Amino acid sequence: MENLTWTGSLGSILDPVFQIVAVVFLLLVALQFVTSLVLAPASDKINSDGTITLDRGPSALIGMAVRYSFLALLAICLAYLILGMVLSSETTGIIGTVSAQFSPVWLALVVTFLLSIVYKRRLGLYGKLFDSMIGMIGFGLVMFWVYTALFVGLFDLIATQDPLSQLSGMKNKLPGTAVRGANPEECGSACYYLLGGDNLARDVFSRMVTGSVIVIVIAPFATLFAFMVGITLGLPAGYFGGRLDTGLSFLANLILAFPVILLFYLLVTPEIVATGIPNYMGMVLFVFPIIFVGVLLNSRYYTRPKLRNPLLAGVLIGMFWIYLSGISSAGSVIDVLPGTLDLFNIPGGILVVFVSVVFVNSPTVFRIVRGLAMDIQTRDYVAAAQTRGEGPWYIMLWEILPNARGPLIVDFCLRIGYTTILLGTLGFFGLGLPPESPDWGTTINDGRKLLSIYPHPALVPAFSLLSLVLGLNLLADGLREESLRD
Amino acid sequence: MGLFILRRVGMMIVTAICLTFIVFFMTNLYPNLEKLAKSQGNFRMSDEAVASYLSDRGYLQPAPIKYAQWLGLMPGYKTVKEDGKTVGKCVRPGVAPEDMPRYCGILQGDWGFSTVAKAPVAETLGKRLKNTGKLMFWVMVVMVPSALVIGVLAGMNEGSRTDRSLSTVSILSTATPEYVSGVIFIALLASTRNGLGPILHEWGWIEGKALFKGTAKTAMDKATFQNFTLPVLTVALYGMGYIARMTRASMAEVMTAQYVRTARLKGVSFRNIVMKHALRNALIAPFTVIMLQFPWLLNGVVIVETLFSYSGFGWQLVNAAGNNDIEMLLAVSVVSVFVVLVTQLISDIGYVYLNPRIRIS
């Protein structure tokens, strides 16, 4: 079988067009930059009768040309992707085949965007996101990876090969190499290593998409837990102040003074994991969501015991069961739940990584929440609640917290990105997850040894991680802009 | 002010003691000690041999006592073996047992002995710190001016095309962790087979086949443009975006201030408004940010030094942590706590001095 080229036979038509348009676009952008120093910017005039006179001067014309050439460039890129979904691999090359593999993701993205844009006025802050270009791009990037993880993790789509299996003769092969001895009638897109093979002859593309599952599962959850810890401790520290605040702030600053990587090395090396310290830390950290939800419900409904008692009992028992299933697993240091009651087992490596990432993130969240609580408790509505005779926890959780949601949501997005970076750092130093794990940090670490000869095994996960974190940062930026506009 | 500094220094010492005790405790857990014994003795040691190796050297005492010995508050542990050889905490190769000091801890100025480098910690770490200092210096030289320029340019015309494109650049740079940008740089700029190097070589613009070097090993003795650009750029890029965004926010805020409007109404040229009125006030906030950026840079330095195999502080951290080199790790954590807390102190003091409203009141 023949190897695939980047754009296949379709490329012989589209590639020259693409190159010409790209060069034109770059020239126009350069021209626009140069002329903007000399010419006056285009200014449309609004007349007294309500009509607008468009500026048709040279700078306006250049601006229009830039816009149209950019649109043409986008259209060609879309053509590559869409034709790739329709035509066969040989005609569309690597880009087309990769795009075809991602077709469920494209479909899901299109549906999400259409629905969200149609109903955006009814969707609150989420809907407002679709008013800002930056926010939409960020949301698109993030949802791309979320859907990829979803389809790979739950439905086993997208990936062409098994992420761990090594096929002979595929070591360090370039992108588009056909699998040795494959029969084109049977395998379709699985005939190729779309983005090449790594130094152990595994498929880079499949490892990349499988790696997204690990990141998309751990990063948001770990951030959520860090927020639970930070909120549960930060609210009282900011609200009560005094000794409690001094003590907790000292602890938080202590953890923040650690270089993150030293902390990781202290927590995640196999010797420490053998002593069970991460499991005990997990035991402590995972209690916070239970405390949070318990206090949240109790402070709201304590005046209505008939509703509160069954509600609180049900929720707490459920959460406690999940908590016990999470922390206990047969063979580790904490083994409290008999096997039949154990709902699920978190693999050891993932638990350790999860705990250490939560541990590193919580002090920062604590400081943010504490600052917000100190700021908001001087407001009138807090004083009103106090005069009404509400308890401190009600005020903290039902008066202060909802009013701090704007900055917290923005920080949540940014922090998921930071957590993704931390996960990558752990993988990069080979800590926590097993060495054959397909997560992006580990694959970057694997690939960097032969970087100057075979760059593709490291570059693919590197760009994936970059795009996800970039998406989260843009999303946070869009959210901040839109929430400030109110 | 004096009291403030004194209180902060006191806080710093308490934090450093707590922190080093945590590091001490973690590195002295038995599995870690076992690893240490096996890497020092041999890997096929029996459990009894490990235990006797450790107890001879005083590793099996309670942690607070060992910690006090490390601090120099208690005499160092020693054992005289049957064959007359002395082993213990204060034993150094080349020093006769009679000359051995009774106390050897931080208070005596003895930072201990690195079990991996087989040399005193202070000496090894000093060399490493010098290397990292060089890296940091160039990082600052690249990062701070470019971040400030980007931030000021973006912030002085909020919402303009320049602002939007520069803000996107700074978001992109904060979204690129060092291990990603480093890998991309090496693959595109330091490879002899891919990327920019071979193309430029073909055009006859550069002599070698690669534009830059992918390792910074030679930069320790002699840093050149070729071997030092990529590590410096990689560290600088990640920090740059953050400082630029802070500068932009602060500049944008100053540009909407009343006195800038007054200046504008008076007919002062835009250039003069920016240079004489706005800039100085806009740079107060970035100063504190730059100072607080140091601890973050420390992280970046660890990654970059590992990636480019440059033996500095970060490389030493990874090396010591990987081999459980206890006394080296403790020294490393003391240094990093010192850096974190001193930069916090400087940023607080600097903020007060730069801001006349606080200084005078």
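Reader: What makes A:D477 and B:R245 a salt bridge?

Author: Let us set the value against the rule. A salt bridge is a side-chain nitrogen of Lys or Arg within 4 Å of a carboxyl oxygen of Asp or Glu. In A:D477 and B:R245 the closest N and O atoms are 2.6 Å apart, so the pair meets the definition. Before we go on, this is a predicted model, where local features need pLDDT of at least 70 and side-chain atom pairs count only at pLDDT 80 or more, while totals for chains, interfaces and linings use all residues. Residues are numbered from 1 along each chain as its sequence is written, chains are lettered from A and ligands numbered from 1 in the order in which they are written, and side-chain values use heavy atoms, with hydrogens and water left out.

Reader: Which residue of chain A also meets A:D477 in a salt bridge, and why are the two about one helical turn apart?

Author: That residue is A:R480, with 3.3 Å from N to O. A:R480 and A:D477 are separated by about one helical turn because they are three residues apart in helix α20 of chain A. Helices here are DSSP runs (H or I, at least four residues), strands are E runs of at least two, and both are numbered from the N terminus.

Reader: How many salt bridges does the rule find between the chains, and how many over all chains?

Author: It finds two across the interface of chain A and chain B, and 16 in a search of the whole structure.

Reader: How do you know that chain A and chain B are in contact?

Author: Contact means heavy atoms within 4.5 Å. By that test, 41 residues of chain A are in contact with 48 residues of chain B. Between the two chains, about 4100 Å² is buried, with carbon and sulfur atoms giving 78%. Buried area is the accessible area (1.4 Å probe) that two parts lose on being put together, summed over both. A:F250, A:L262 and A:E271 supply 13% of what chain A buries against chain B, more than any other three residues.

Reader: What makes a pair a polar contact, and how many such pairs join chain A and chain B?

Author: It takes a pair of N or O atoms within 3.5 Å; within protein, one must be able to donate a hydrogen and the other to accept it, and residues adjacent in sequence count only if both atoms are side-chain atoms. Five residue pairs, both at pLDDT 80 or more, are in polar contact between chain A and chain B. On the side of chain A that touches chain B, the largest share, twelve residues, comes from α20(A). That side divides into 30 nonpolar, seven polar and four charged residues. Here Ala, Val, Leu, Ile, Met, Phe, Trp, Tyr, Cys and Pro count as nonpolar, Asp, Glu, Lys and Arg as charged, and the others, Gly among them, as polar.

Reader: Why is chain B said to have domain 1 and domain 2?

Author: Chain B is divided into domain 1 (1-110) and domain 2 (122-354), because domain bounds come from an automatic or database domain assignment. Their C-alpha centres lie 37 Å apart, yet 20 residues of domain 1 of chain B are in contact with 18 residues of domain 2 of chain B. The two domains bury about 1700 Å² between them, 75% of it on carbon and sulfur atoms. Across this interface the rule finds zero salt bridges, while three residue pairs (both at pLDDT 80 or more) are in polar contact.
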